[in-house]
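Dear colleague,

Please find the structure below, handed over for your records. My notes on what was found in it follow directly after.

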Amino acid sequence: MTGAVFNTDVAEQLGQAGSIPVRLRQTALLEVVGVGDPRRATPRADVVLADPEVRAAVDRLGKRIVKQGVDDVLDRCRRGEVDPSHVAQAVIDGLPAYATTLRAVLNATGVVVHTNLGRAPLSAAAVEALRVAAGATDVELDLVSGRRGRRGRATMAALQAAVPDAGGVHVVNNGAAALALVTCVLAAGKNVVIARGELVEIGDGFRIPELLESVGATLREVGTTNRVKLSDYAGAIDAETAFVLKVHPSNFRVEGFTAAVSVQQLSGLPVPVVVDIGSGLLAPHPRLPDEPSAGGVLRAGAGLVTASGDKLLGGPQCGLLLGERELVERLRRHPFARALRVDKLTLAALEATLTGPPTPVAVALASRPDELRKRAERIASELAVYGAVAVDSTAAVGGGGAPGVELASAAVSLPAELHDRLRTGSPAVVGYLHHGRLLLDLIALPPTADDVLIGLVRG
Ligand SMILES: *Cc1c(COP(=O)(O)O)cnc(C)c1O
């Protein structure tokens, strides 16, 4: 074929002569091209990048992503896998929808707060708030007076209103930052008294005792792995003690011959009691009776409570600090606080989480097994040809708290072979394998996801 002159006839043979870029046609007329050789017919990258649709994609996604997409398609074109006249379209088709490689996932794992899936999904109200706050916003300006305003005042007011027992509130980057700030400000060069049974590893190698030591505190461990008494705490307190720390075992349970000391009992000691409740429940939850709440712990006499914002509270990643007004003020005004400061996006999403409609996490926790079962049955009947059946399942709160609590749920059971395709689809679906079947648990999915799921399985 080499030696054939590229002319209109040949272009028609290739199909869609009209869509072949002018530059390519000109180049082709000057050169002698091997028409049947895809390497020779492949257009140049700059020609593809000049295509109006590809240029629009550059405006939307940035040059780096689009250039990579063009290079990939041109490679495939040289291998004969893409028609040279369809290069621009293939580029457009292959580009991601957004300038992030993060993918939306349907959480069908049956774990409501799944750390590997970004913990709490935000409410629609919080997402709207993010959109508003994303541009220039009055986060530190009082628009009425035109003067500087207190950063995040509305969010702090919402948090204060949600936990009336807190004299003061402050928000930092995450739960670990909240604990680091408390320890750095109150206990650097001093001692923190903590029960041996509460030296918790949260996950991914994050150990609370190591965090405390990293900001200059010395741990005074009391009790044994399974038992600690009030007298153990009392005996460890001396002039160098900054506070007693109680850490909620949010991802494990110790059962059998155990004893712990309540916050109420500890509050009689001569030093402040700091409680890391982890999960971020602000008030007691009827379905999670053993999960401590910020309000409950403060009423029991804690001086300070620390918690995460993206676990059971259902908000953005952040760390909550609630407690005695003077203690919170000391934390807020300390230089280290600036290093842990949250951005306007977090403030906006947290405010909407606190004041808006129930979060997806709250909705999941309140879901009724019979309603989940009905949804599972409808999905299964739509997908009967794929071997789908509805089953009862057991869901969990997740790394966010309430270890050991089993939530009655329902799932769609499918052949396990489907998981790879579903997990790599768009949106991705992550379920779990159980007795050789793929289970898609519905507890963490809104009903609007059901038809999406059906469509994804059908492919
Ligand atoms: C999750 C958790 C933390 C850490 O919070 P992050 O927001 O992940 O930094 C600390 N303590 C407890 C008890 C937790 O459950």
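The shell around the ligand divides into four nonpolar, six polar and three charged residues (Ala, Val, Leu, Ile, Met, Phe, Trp, Tyr, Cys and Pro count as nonpolar, Asp, Glu, Lys and Arg as charged, and the others, Gly among them, as polar). In total, 13 residues surround the ligand, and the closest are G175, S250, D276, S308 and K311; a residue is near a molecule if one of its heavy atoms lies within 4 Å of it. Helix 10 (175-187) and strand 11 (273-278) each supply at least two residues of this shell. Helices (H or I, at least four residues) and strands (E, at least two) are DSSP runs, numbered from the N terminus.

This is a predicted model, in which local features need pLDDT of at least 70 and side-chain atom pairs count only at pLDDT 80 or more, while totals for chains, interfaces and linings use all residues. Residues are numbered from 1 along each chain as its sequence is written, and side-chain values use heavy atoms, with hydrogens and water left out.

A polar side-chain atom of K311 lies 2.7 Å from a ligand oxygen. For R119, an N or O atom of the side chain is 2.8 Å from an oxygen atom of the ligand, and for A176 a polar backbone atom is 2.8 Å from a ligand oxygen. Taken alone, the ligand exposes 380 Å², of which the protein buries 95% (accessible areas come from the Shrake-Rupley method with a 1.4 Å probe).

The axes of helix 19 (residues 369-382) and helix 21 (residues 449-458) come within 10 Å and cross at roughly 25 degrees, which makes helix 19 roughly parallel to helix 21.

Finally, there are two backbone features. Most residues other than glycine have a negative phi, and most peptide bonds are trans. A cis peptide bond, with omega about -5 degrees, joins S426 and P427.  P427 is found in the loop between helix 20 (418-423) and strand 16 (428-430). A402 has a positive phi, near 50 degrees.

How values were computed
A polar contact is a pair of N or O atoms within 3.5 Å; within protein, one must be able to donate a hydrogen and the other to accept it, and residues adjacent in sequence count only if both atoms are side-chain atoms. Axes are lines fitted to C-alpha atoms, for helices over the stretch in contact, and angles run from 0 to 180 degrees between N-to-C directions. Angles under 35 degrees count as roughly parallel, over 145 as roughly antiparallel, 65 to 115 as roughly perpendicular and the rest as oblique.
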